[in-house]
Amino acid sequence: MSTQTTVQQLKDVVIKFAGDSGDGMQLTGMQFTNNTALLGIDLSTFPDFPAEIRAPQGTLPGVSGFQLHFSSDPVYTPGDSCDVLVAMNAAALKANLKSLKKGGIIIANIDGFDAKNLRLANYPDGVNPLTDGSLDGYVVYEIDITKLTREALKDVDLGMKEKDRAKNMFVLGFLYWLYDRNMESTIHFLQEKFAKKPLILEGNLKALHAGYNYGDTTEAFTTRYRVERARMPRGTYRSITGNQALALGLIAASQKSGLPLFLGSYPITPASDILHELSKHKNFGVRTFQAEDEIAGISSAIGASYGGCMGVTTTSGPGMALKTEAMGLAVMLEIPLLIIDIQRGGPSTGLPTKTEQSDLLQAYYGRNGECPMPVIAAATPSDCFSAVYEAFRIAVQHMTPVIFLSDGYIANGAEPWRFPRAADLPPIEVKFKTSLDEGEEKFMPYQRDERWVRPWAVPGTPGLEHRIGGLEKQHITGNVSYDPENHQLMVKIRQAKVDAVADDIPLQTIDSGPESGDLLVLGWGSTYGAIKSAVKSLQQQGYAVAHAHLRYLRPFPKNLGDILKRYKQVLIPEINNGQLIKIIRDQYLIDAKGYHKIMGIPITKSELEEHIKSLLG
Amino acid sequence: MDTTAVQTPQSLTPKDFATDQEVRWCPGCGDYSILKQVQTVMPTLGIPRENIVIISGIGCSSRFPYYMNTYGMHSIHGRATAIASGLKACRPELSVWIVTGDGDGLSIGAGHMVHILRRNFDVNILLFNNQIYGLTKGQYSPTSEENKITKSTPYGSIDHPFNPAALALGADATFVARSMDRDPKHLQEMLKRAHAHKGASFLEIYQNCNIFNDGAFEIFTEKATKADETIFLEHGKPLLFGAQRNKGIRLDGLKPVVVSLDDGYSADDLWIHDEHDLYKAQMLVRLFDDPSVEGHFPRPFGVFYETQRPSYEELMQQQIEMAKGKYGVGDLDKLLAGSETWTIN
């Protein structure tokens, strides 16, 4: 065993695992992530995979990546560029080299750079980046991972194909060695995952250890790295993805409100994991219904809410479009409903596995008629928990459908989460109307309280039988009415009801920076980390730049207008062609500037920082 | 949530099921009769009014909930079945009735129709079939006959029509029946049967649209032709019809043939209706000839098929109970913590 290695302390590391779709890079990344999280190191991840389940092996479209940023300082993004690139084949190198820092480490699987793989990755004949000197500026570790894995598994009774599938564990083992880690978390994971497949388990464990030992015994590697735990607030943490946090937020809200949870959903990337997660938790009384289509998904949720449960539907952009008419019905019915849109690149089928914030205008305006409903967005993976909890509360307390916006970036990304105790979660009070009040002769389903909220009277309640529907309602009685004055009144009331939600949400706060100054960066959704990092860096350089991030997009917090006026400039970065900026300009008549990236990938800290500097001159 | 109504002995009358809303169907519409029969049957079912929910889509038929003093929702086009599915999944104790038409239920809502049937939610689906679009003023519907001249088919419809009962059976419906607006007694009986069935009941009701498709079912409903053109299915009884009750259908191998009892056949030779025989039911729903074609079969009315299969909501509830038994009633703190945590002091 080698004792020649030294351990070097690092503050901040970004690793990208890249390989073919079938190489298990997502799993490898998640394992390294969990291992990192358990050490109390702060982190953020960004899985980036192709839409095809198995694009042709070895090709550029087939490259699947998983980026992990971990640090002993607070982490807000998965990192602009990486320090280490694991490239399982030539295509993985080619697709990701541009995001590797100069002087960064490349761990290349030699077997993935044979003539065939080079050709599939579109390298010209005879060109091999490992040998042509083009990687001279990097530290390249060439490892014949395939051969070494096969060698390590030579006594395991598995076919060659199955042995080769353990390659990712070899890589993981090597990285555990490189970052001075204990492998227990992964050993435990494998033991559980392959409890019923002892040979596969043996193969994976052997490959994992072989990778670790390879680092230990090969004298080529003289330095190992260690990142200390981060100075995070005290408490107990777990690692969580956005979609997981969202599912847990829904269950928590259901438990705290006493409303049984019903999810009507149709599978769609990148929202399906919420359906998967919720369907596991039937012991919480959760009812999941995989509907025949998007329309049935939301319609069944409307039926559930009508029956006194909390109806939820989950989808992504194209599914939102299909649910549009039913959302209008829910607005007319004035019943609670949650419509959760995990945005992806559009229009149409667009970029199913890539991220975008391009459904904001759809959420705001994308329905027939005057059809307002509250819109709420989550900023980070763990924020999905409290944001959806809040969306649930608003829906049931204001008797309105609420649109919740997340996106592929935070849905699949993971970060440490200091999870709350159930007892500390704010209560969600729900009032059903159970009988006629004194002096009330007949139930008036559209009689309202001071916040314009109508009563929730569910089937099964004696004496409150009534009919509702999508036709215009007569004020108070809820009977069908085609009266012109009544329609105008009802349109105004429905708007007032949504506007009144502003009285029931916190005022907007400044995330960081001065209360007034040269520039405010106003963001929403998943750009949070990039904006926060860029703005913090600028503040350290002495710029009077602040950051405010919107959770409540409709209605806006009541003080937002005042905040906007306190800065000389307002910049609104979005992963779309300019959507929030239209709404802000419309409502506050300010000359906000936009920064728009529409590439299906997140905005990076450095590009934003550079852009802000150019604005400040 | 305490919404389980206490079942009290009631003496409700049809009037108790009427609302104060003016019924707005065209005078002479077949919907009036259906409404009357439903209001007549409801008090006999012994369900507290508050436990009845009527959900409809869009179309003339779908105005139905406004006229029933129960819980009700007039929803959007074609989606009543999907809405009812969510309601029933959450509130299995409710008596849920879906009112739809040939446009609502078989055109825009056909996709949901087959799924609610295969899933077998315990609901009653009343499909008012008038073979025309009434609310949009007279276009052909998915049950309109070929060559039909309508506003949208001035040269005649080239669409091949649906056979609703066959479609329902094809979707593995557990109860398939047909009735008509002009036979109140039969319709009442079918409504009671649909209600009594546990699982999704599909009841097709021929309904005359006297404005846009008057007389579409005349041959089955008018006294002069009814006896010879219809056959009323009764479980365990031979398929007998005709004004003189002297005609019947017998099975010649796998082929149904119309025979006359005057030709030496007796009732014992005829096809004996068995509601629980899926194979025979599949033949029966196919007796769907154009009555103007020579040698056509009479059109069957009554219960084609009934079988028992667990309802969706029942299975859903069972899974929830199973999960609670296996993992214990959900503990939110455990769920939030997940399987791996670390603590920073």
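**Notes on the two-chain model**

1. T5(A) is partly exposed, because 16 other C-beta atoms lie within 10 Å. The scale is this: a residue is buried if 20 or more other C-beta atoms lie within 10 Å of its own, exposed if 12 or fewer, and partly exposed in between, with C-beta atoms placed from the backbone. T5(A) is found in the segment before β1 (6–10) of chain A. Helices (H or I, at least four residues) and strands (E, at least two) are DSSP runs, numbered from the N terminus.

2. Some ground rules. This is a predicted model, where local features need pLDDT of at least 70 and side-chain atom pairs count only at pLDDT 80 or more, while totals for chains, interfaces and linings use all residues. Residues are numbered from 1 along each chain as its sequence is written, and chains are lettered from A and ligands numbered from 1 in the order in which they are written.

3. Which residues does T5(A) contact, leaving aside its neighbours within four places in sequence? They are F221(A), T222(A), T223(A) and R224(A). Two residues are in contact if their C-beta atoms, placed from the backbone, lie within 7 Å. T5(A) and F221(A) are 216 residues apart along the chain, yet their C-alpha atoms are separated by 7.3 Å.

4. Chain A has domain 1 (6–227), domain 2 (238–424), domain 3 (431–505) and domain 4 (517–616). These bounds come from an automatic or database domain assignment. The C-alpha centres of domain 1 and domain 2 of chain A are 34 Å apart. Contact between them takes 13 residues of domain 1 and nine residues of domain 2. On the domain 1 side, α1 (25–38) and β3 (42–48) of chain A are the elements that give two or more residues. β3(A) has the largest share, six residues. By class, that side has eight nonpolar, four polar and one charged. Ala, Val, Leu, Ile, Met, Phe, Trp, Tyr, Cys and Pro count as nonpolar, Asp, Glu, Lys and Arg as charged, and the others, Gly among them, as polar.

5. Now the chain contact. Chain A puts in 63 residues and chain B 55 residues. On the chain B side, elements supplying at least two residues include β2 (71–74), α4 (110–119) and α10 (312–327) of chain B. α2(B) gives the most, with eight residues. The chain B side holds 27 nonpolar, 21 polar and seven charged residues.

6. Strands also pair between the chains. Strand β17 (residues 467–469) of chain A runs parallel to β2(B), joined by three bridges. Two strands pair if DSSP finds at least two bridges between them. R467(A) stands opposite G72(B) in β2(B).

7. A seven-strand open sheet in chain A has the order β11-β10-β12-β13-β15-β14-β20, with mixed pairing. Its edge strands, each pairing on one side only, are β11 (287–290) and β20 (552–554) of chain A. The twist averages 20 degrees from one strand to the next. Angles run from 0 to 180 degrees between N-to-C directions, and axes are lines fitted to C-alpha atoms, for helices over the stretch in contact. Strands β12 (residues 310–315) and β13 (residues 337–343) of chain A pair in the parallel sense over four bridges. There V312(A) faces L338(A) in β13(A). Helix α10 (residues 272–280) of chain A lies across β10 (261–265), β11, β12 and β13 of chain A, at about 140 degrees to β11(A).

8. A four-strand open sheet in chain A is ordered β19-β18-β21-β22, with parallel pairing. β19 (545–550) and β22 (593–596) of chain A are the edge strands. The average twist is 25 degrees from one strand to the next. Strand β18 (residues 517–524) of chain A pairs with β19(A) over six bridges. L522(A) has A548(A) as its bridge partner in β19(A). Helix α17 (residues 528–540) of chain A packs on the sheet and makes about 165 degrees with β19(A). Helix α19 (residues 580–588) of chain A packs there too, at about 145 degrees to β21(A).
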